[in-house]
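Q: I would like to go through this structure with you. Could we start with the overall layout and then move to individual residues?

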Amino acid sequence: MFKKLPIRRAVVVLAISCLILSLTGCGGAKTGADAGNSASTEARDYYKVGVITSLSGAEVQGGNITKYGYDLWAETVNNKGGIKVGDKGYQVKLVYADDQSDPAAGANAVERMITSEKVDFILGPYTSGVTKAVAPILDKYKVPMITGSAESPSIWTQKFKYTFGSVPAADLTAISPLETLSKLPNPPKTVAVLGVNDAFSKAVAEAFKASAEKNGITVVKFDVVPAGTDFTPLISAIKQLNPDVLAVGGHENEHMEVIKASKSLGFMPKAFVMHYGITNPDFSKNLGKDADYTFGAAVWTPDLDLKDDLFGSAQDYVKAYKDKYNAIPDYTAAACSATGESFSAALAKIGAKPPLSDQQREELTKTLEQIEVNTFYGPIKFATDGNWYHDNVGLKALVIQMINGEQVIVGPEAMKAKDPVYPVPAFNVR
Amino acid sequence: MLKMKQLTQPRVIIFILSLIVLCTLPWVVSSFILRIATGIMMWIGLALSWNMLGGYMGYISFGHGASFGVGAYITGLLMMLLHLPFFVALIISGVITYIFAMIVGYPTLRLSGSYFAIGTWAFAEMMRQLVLVLDTTGGPEGLRLPPMLNDNFFYFVMFGLALLVFLTAYFFFENSDFGLKVKAVREEEVAARTLGLNTTWIKNQVFALSSMFAGIIGGAFAYWITYIHPDSVLGPLIADQMVIMVLLGGIGTLFGPVIGAIVLYVGNQYMLAAWGQSSAYLIILGLAICLVILFLPEGLLSLPRVFKSTTKGAFARLFSPPRKTRI
C-alpha cells in the first residue's frame with residue numbers, strides 16, 4: 001500500500017482540493033451578485049466603468065497600451081476630484097475584463113460586465129474583431145461603449161447604435177500620405193503597394209491603392225500577403241519594377257522587415273510610405289538611421305498644439321504618461337485617455353449622477369452623438385450617418401515623416417511643421 | 001424497447017432528473033450564467049466529439065478545430081449569401097463537414113501516431129489560410145451573421161447538440177459492436193484487420209462522424225457569437241482546448257470529456273471574472289492542468305478512486321505502529 005501510493009500523491013490531492021477551495025472562496029462574493037437579467041443598477045456614488053481589452057493572448061502588447069491610456073484618464077480625473085456633474089465631483093472606478101484577444105471570450109466578458117458588474121458605460125477593446133463581437137451585445141442591453149483603438153472600417157458600416165470609436169477608421173487616415181506626396185512639385189509617378197492579410201493592414205493597403213489611383217499615381221504592383229511572409233522575394237520582384245514609392249500596410253514588425261530586406265537587396269525607392277507602427281519607439285531603435293525619412297499616417301503626435309482642462313497640453317499629457325509608464329504615448333494611448341473625456345463631457349451635459357439608470361444611458365448615448373469635445377488629442381465628434389457611423393470624424397489625418405528618430409508633421413498643408421523630404425537620401429549617405 | 005425495469009434504474013432516474021434541471025435553467029439563472037452554461041454545453045459537445053476520435057479510436061487529432069471552423073463558415077455563408085434559415089443551414093453544414101471529413105480522412109488516416117497529429121494540424125492551418133485569402137468568406141475582415149440575441153434559444157440549441165453527441169457516444173461507442181470494433185482499432189490495428197475488420201472503413205466513419213458533430217456545433221457557435229474570424233474559429237486553440245479537456249477529464253471514457261469541459265471552461269471563466277485584472281489566472285490554470293496530467297494521468301474521473309486509496313493509505317500510516325525504515 002505504502003509503496004504504491006507515495007505521500008506526494010496525497011499532497012497533490014490536498015493541493016488540488018485547496019486550489020478549488022480557494023477559488024470558490026475568492027470569487028464567491030462576485031458571482032453572488034448575479035441576480036438581475038438586465039443592465040440594472042446598484043446604489044453607489046461613483047461611476048463604475050467597464051474596460052474590456054486584450055490583457056492576454058496574441059494582442060496583449062496593444063491591449064496594454066489601451067489599458068495604460070484608460071488608467072491614466074481614470075487616475076487623472078480622480079485626482080482632480082472626479083467627473084463634475086452639477087456642483088459635485090464623482091470618482092471613477094475601472095473594472096477590467098480580459099477578452100483574451102478572442103471575439104467569443106470578449107462577448108462573454110462584456111455580458112458579465114453589464115449584467116453582473118452593472119457598469120455605467122464601457123471603454124472598448126484594442127482589436128476590431130472583439131469590437132465587432134461585442135457590439136450586438138451592447139445593442140441588446142443598451143449600454144454605450146467607445147473604443148479608443150479599433151480602426152477597421154468594417155466596424156462602422158454595420159451601424160451599431162451603442163458602439164463608438166475615437167480613432168478615425170484606417171481608410172480615412174491612410175489616404176493622406178500619398179495625397180501629400182502627389183501635391184509636391186516633383187510628385188511620384190508610380191507606386192508598389194504591399195499589404196499584410198489582417199483586417200487593419202489590408203484596409204490600409206487598399207486605401208493606399210485607392211488614394212494613389214485618385215491622385216494620378218500608377219500602381220505597378222498590389223499584393224496582399226499572409227502574416228509571417230518573408231519579404232525578401234517580394235521586394236526583389238518589386239525592385240525590378242522600380243517604383244517611385246513603396247507603400248506598405250502592416251504593423252511595426254513588418255515595417256522593420258521591409259526596410260531591412262530593401263536595404264539588403266539594394267532597393268531604394270524615392271520614399272517608403274507606411275502607417276501605424278513607425279511611431280512605435282522600437283521602429284527607430286531597431287533600424288537606427290535606416291528608419292529615417294519613412295512616411296507614415298497618424299492622427300496625433302506628441303508635439304501638436306492642443307490642450308484641454310483635464311490633462312493640460314499634449315506635452316503635459318506626454319510627460320504624465322512618461323512619468324507613469326516610462327514610454328512615449330502613441331495615438332492609441334492618447335485616444336484611449338481622450339475617450340474618457342468624451343464620456344465626462346456627455347455626463348456633465350445631461351447631469352447624470354451615478355449609478356446610471358437605463359433611461360440615463362439612453363440619454364448618454366444620444367448626447368455622445370451630439371457633442372463635440374475638444375481634447376489634448378484633438379476634437380472628438382462622432383458621425384451620425386454614412387459609412388463611418390459613430391466613428392470619430394472630427395480629427396484630421398496627419399502625414400508624418402521620421403527625421404532623426406522623431407516624428408515630424410509634413411502634411412497636410414495647413415498643419416505641417418516642415419516640408420517633406422522627397423526624394424529621400426539613400427541608406428548609405430545618411 | 002426500454003422496459004419499465006430499466007427506466008427505474010437509479011442512473012436512468014438521475015439522468016432524467018438532471019435533464020429536467022438543465023431544461024429549467026434559463027428561468028432560474030441570470031443571463032451571464034446562462035451564457036456560461038451555453039458555453040459549457042458547446043465544449044461538452046466538442047470534447048465528446050473529439051473523444052470519439054482521440055479516445056475511442058486512439059487517433060490524436062490536432063485538426064479537429066478545422067471541422068468546427070468549416071461548419072461555422074458554411075453556416076455563416078449559407079445564412080448571409082443564400083438567406084437560408086438557421087436550422088437548414090446547420091443541417092447542410094453538418095452534411096458538408098461529414099463529406100469533407102471523408103475526403104480529408106482518406107489520406108490522413110493512413111498516417112498514425114504523431115504523424116497523424118501533425119498531418120491534421122497542418123490541414124487545419126491550410127483551412128485557416130484559405131479562408132483568409134478568399135473574398136467570399138470576408139478574408140481577414142471575418143464574417144458577420146445576422147444578430148439574434150435570444151439567450152434561451154442558443155442555450156437550448158447547444159444543450160440539444162451536446163445531448164445528441166452524448167447519446168451518440170453512449171449508444172454507438174460505449175454499447176455497440178461498432179464501439180468494440182473502434183476500440184479494437186485503438187488497441188491493435190493490425191490484429192483487428194487480421195480478424196476481418198475493415199479498419200479503413202471504420203476509421204473513416206469515426207473521423208467523419210466526429211467531424212460532423214464539430215461542424216454542426218461550429219455552425220451554432222457562429223450564429224450565437226454573430227461574428228466569426230479565421231483566428232477565432234479556425235485557430236489552433238479550438239482543437240487544443242478539446243484535447244486538453246478530454247485529457248483533463250479522462251480520455252476514452254463517456255464522462256471524462258464532460259467533466260473536463262466543465263472544469264476547464266468554468267475554471268477559465270471563473271478566474272477571468274475573479275482575477276481579470278491581470279493575466280496571472282492563465283498561469284494558475286496551466287499549473288492546475290499540469291498537476292492533473294502529472295499525477296492523475298487517467299484524468300479527473302479517476303480522482304475518487306485515487307483519493308480513496310490515498311486516504312486509506314494515509315489513515316493506515318497514521319494508525320499503524322511506526323515501521324522500521326525500509327531501504
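Q: Which domains does the domain assignment give for chain A?
A: The assignment for chain A gives domain 1 (47-169 + 330-380) and domain 2 (175-274 + 277-299 + 397-429). Such bounds come from an automatic or database domain assignment. This is a predicted model, in which local features need pLDDT of at least 70 and side-chain atom pairs count only at pLDDT 80 or more, while totals for chains, interfaces and linings use all residues. Residues are numbered from 1 along each chain as its sequence is written, and chains are lettered from A and ligands numbered from 1 in the order in which they are written.

Q: How many residues does the contact take from each of the two domains of chain A?
A: Domain 1 of chain A contributes 10 residues and domain 2 of chain A eight residues, where contact requires that C-beta atoms, placed from the backbone, lie within 7 Å. The C-alpha centres of these two domains are 32 Å apart.

Q: What is on the domain 1 side, nonpolar, polar or charged?
A: The side of domain 1 of chain A that touches domain 2 of chain A has four nonpolar, four polar and two charged residues. Ala, Val, Leu, Ile, Met, Phe, Trp, Tyr, Cys and Pro count as nonpolar, Asp, Glu, Lys and Arg as charged, and the others, Gly among them, as polar.

Q: What about confidence: what is the mean pLDDT of chain A?
A: The mean pLDDT of chain A is 87, with 90% of its residues at 70 or more; pLDDT is the predictor's confidence in each residue, from 0 to 100. For chain B the mean is 88, and 91% of its residues reach 70 or more. The complex has an ipTM of 0.75 and a pTM of 0.81 from the predictor.

Q: Where does pLDDT stay under 50 in chain A?
A: One such stretch is residues 21-38 of chain A, for which the model has 22 contacts beyond four places in sequence. Another is residues 1-5 of chain A, with seven such contacts.

Q: Changing topic to chain B: at what angle do the axes of helix 3 and helix 12 cross?
A: The axes of helix 3 (residues 31-56) and helix 12 (residues 236-249) of chain B cross at roughly 80 degrees and come within 9 Å. That makes the two helices of chain B roughly perpendicular (65 to 115 degrees; under 35 is roughly parallel, over 145 roughly antiparallel and the rest oblique). Axes are lines fitted to C-alpha atoms, for helices over the stretch in contact, and angles run from 0 to 180 degrees between N-to-C directions. Helices (H or I, at least four residues) and strands (E, at least two) are DSSP runs, numbered from the N terminus.

Q: And which residues meet there?
A: Among them, B:Trp43 and B:Trp50 in helix 3 of chain B, and B:Met242 and B:Val246 in helix 12 of chain B. The contact divides into eight nonpolar, three polar and no charged residues.
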